[in-house]
Amino acid sequence: MLVNNVKSLLNRQLRCCIQTTSVRLLCTAEGGYTSQVKDTFRGNYDVIIAGGGMVGCTLACAMAKNSLLSNLKVLLLEASPKSDYQLKSEYSNRVVALNQNTKALMTSLNIWKHVEDMRLQPVRYMQVWDASSDVMISFSSADMMDDDVAYIVENDLMLHAINKELLSTDNENTHIVYNAKIDSYQLPKEKYSSPQSIVKMANGDTYTCQLLIGADGANSAVRKAMGVQYLTWSYEQMGVVATLNLAEECTNTTAWQRWLPTGPIALLPLDSKRSSLVWSTWQDNAKQLLQLPEDQFVDALNDALWKQYPRSSSVETCTSWLSSCLKQVGMADGAARQLPPSVSGVAAGSRAAFPLAFGHSTRYIAPGVALIGDAAHRVHPLAGQGVNLGFGDVKDLTELLAEAVYSGLDITHPNWMEKYESVRQRHNVPTQFMIEMLHRLYTVDFMPVVLARSLGLQIANALQPIKKLIMSQAAT
Ligand SMILES: Cc1cc2nc3c(=O)[nH]c(=O)nc-3n(C[C@H](O)[C@H](O)[C@H](O)COP(=O)(O)OP(=O)(O)OC[C@H]3O[C@@H](n4cnc5c(N)ncnc54)[C@H](O)[C@@H]3O)c2cc1C
């Protein structure tokens, strides 16, 4: 095994030495811009990570800290400038709900400590209820075996924590270039035979690498260059976000989500007085909500949380019948619904809206290329899963690549890459499917569908094993 490792390392280093020449030859043959490429060729890397969002930066950090991968020359290219993050008393309007698996990954990378040193809010109780009937489902820390249901962390704080750890990691093989907008890619065509990608920057610089990782978000140019099939549709909805002031101070460790006929509205706890809003609604409505004066916006918000929507009497009769049956056999009937907080104001300038879409790349890999995060999959934010799936990609990719290196395989060997694709798709695709089903189920107002989902939700709420199953799927 050790001999294999040494062989693989030597092979890689030998390739690093000779590839400067082969890149020049390749570029000359391709485009006739020999002198420009000579002037702007910036180096050959084992791995280039295109995109330094939360997922790309975490991958760079995970590779830099992994003893089997830390010898690889890694370059992270990010279009945005290096952020000069300062923790302010106001919260950012973009937050993510992070699950237990993400916490475990971030703890193992020493990133969680930085988040805790700044701020996060644990979610200890979650209540999801339907505006078209009286039923609800709740999840508590107790269902999670005394662990928190999730953690609410601001996106920019999370990115700062990841970058802080990445920059303080003692690994001179990892390079980061900010303000580095990638213009195009030239990917290897042959199937897995010593692939080499050429990454051309907007300023004319060029890099080459054996393994290219596309972490460049939902509109991934890496994915487009791979030419893979991408299944996508717009929800014709936007996620309206804002930082909300609550009418009364409280412990505020509950995440609230109400399913309106237009889509879900969620309040995620920030501190004892503030919550973060994610309100998914039709594009026109979202635009109107952004334009409303503050008091009218707050009224619309409280309406969305509290207003009684028209109910079908058949649904009412059936759900109250099921409720009394459940009560008779000593099971939770879902009647003990807690009341959500009232909103008294919205932080100035915190309202914004983001388009919502579904996306699934049928392939996560091509010769010498792999996709992670939103570049590979995109989901509706109703279940707070998007970036958690991306962090799962990072964990599995790092582990499988490390195993490959340990066995003396090339870093672009199809064995590990195909395993990566299969392991991740086996997790991500069912999760995407479930989220999609929930979205479709809850944006329908047709009575039989409302009845079916209401009874289903009541039963799920009454059965602890089902709740545990839902939580364990959401936590991974
Ligand atoms: C309203 C809303 C609420 C959400 N809530 C949650 C939640 O509660 N929980 C959750 O898990 N997820 C949530 N998500 C999803 C989550 O925000 C995304 O999954 C996550 O941000 C994706 O991270 P990423 O690093 O893969 O991609 P991105 O954040 O898109 O990062 C891609 C990076 O690549 C860089 N890049 C792109 N092109 C180039 C180029 N040509 N050259 C160089 N760099 C480039 C970009 O600058 C960017 O930094 C939510 C999403 C929305 C819209």
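Reader: How many cavities of 30 Å³ or more does this structure have?

Author: By the rule used here, the count is one cavity of 30 Å³ or more. Keep in mind that this is a predicted model. A cavity is a space where a 1.4 Å probe fits but cannot get out.

Reader: What is the volume of the largest cavity, and which residues line it?

Author: The volume is about 40 Å³. Its lining consists of Y91, R119, L120, Q121, I152, V153, E154 and L270.

Reader: Which strand gives the largest share of that lining?

Author: Strand β7, residues 150-154, supplies three residues to the lining of the largest cavity. That is the largest share.

Reader: How does the cavity lining divide by class?

Author: Five lining residues are nonpolar, one is polar and two are charged.

Reader: On to the ligand. Which residues come nearest to it?

Author: Start with the shell, meaning residues with a heavy atom within 4 Å. The ligand has 29 residues around it, and E78, A97, I182, D374 and V387 come nearest. The shell has 14 nonpolar, 10 polar and five charged residues.

Reader: Which backbone atoms lie by the polar atoms of the ligand?

Author: Look for N or O pairs within 3.5 Å. A polar backbone atom of A97 is 2.8 Å from a ligand oxygen. At I182, a backbone N or O atom lies 2.9 Å from a ligand nitrogen. G386 has a backbone N or O atom 3.3 Å from an oxygen of the ligand.

Reader: What share of the ligand's accessible area does the protein cover?

Author: On its own, the ligand has 1,000 Å² of accessible area. The protein covers 82% of that.

Reader: Which helices and strands supply at least two residues each to the shell?

Author: Helix α3 (54-65), strand β3 (95-98) and helix α11 (386-406) each do.

Definitions and conventions. Residues numbered from 1 in each chain as written. Predicted model: local features only at pLDDT ≥ 70, side-chain atom pairs only at ≥ 80, totals over all residues. Heavy atoms only, no water. Polar contact = N/O pair within 3.5 Å; in protein donor to acceptor, adjacent residues only side chain to side chain. Areas by Shrake-Rupley, 256 points an atom, 1.4 Å probe, with all protein chains shown as cover. Helix = DSSP H or I, 4+ residues; strand = E, 2+ residues; numbered from the N terminus. Nonpolar A, V, L, I, M, F, W, Y, C, P; charged D, E, K, R; others polar. 1 Å grid on protein atoms, 1.4 Å probe; cavity = no way out; pocket = protein on both sides within 12 Å on 5 of 7 lines; lining within 4 Å. Points joined across faces, edges and corners; volume = space filled by probe spheres on them.
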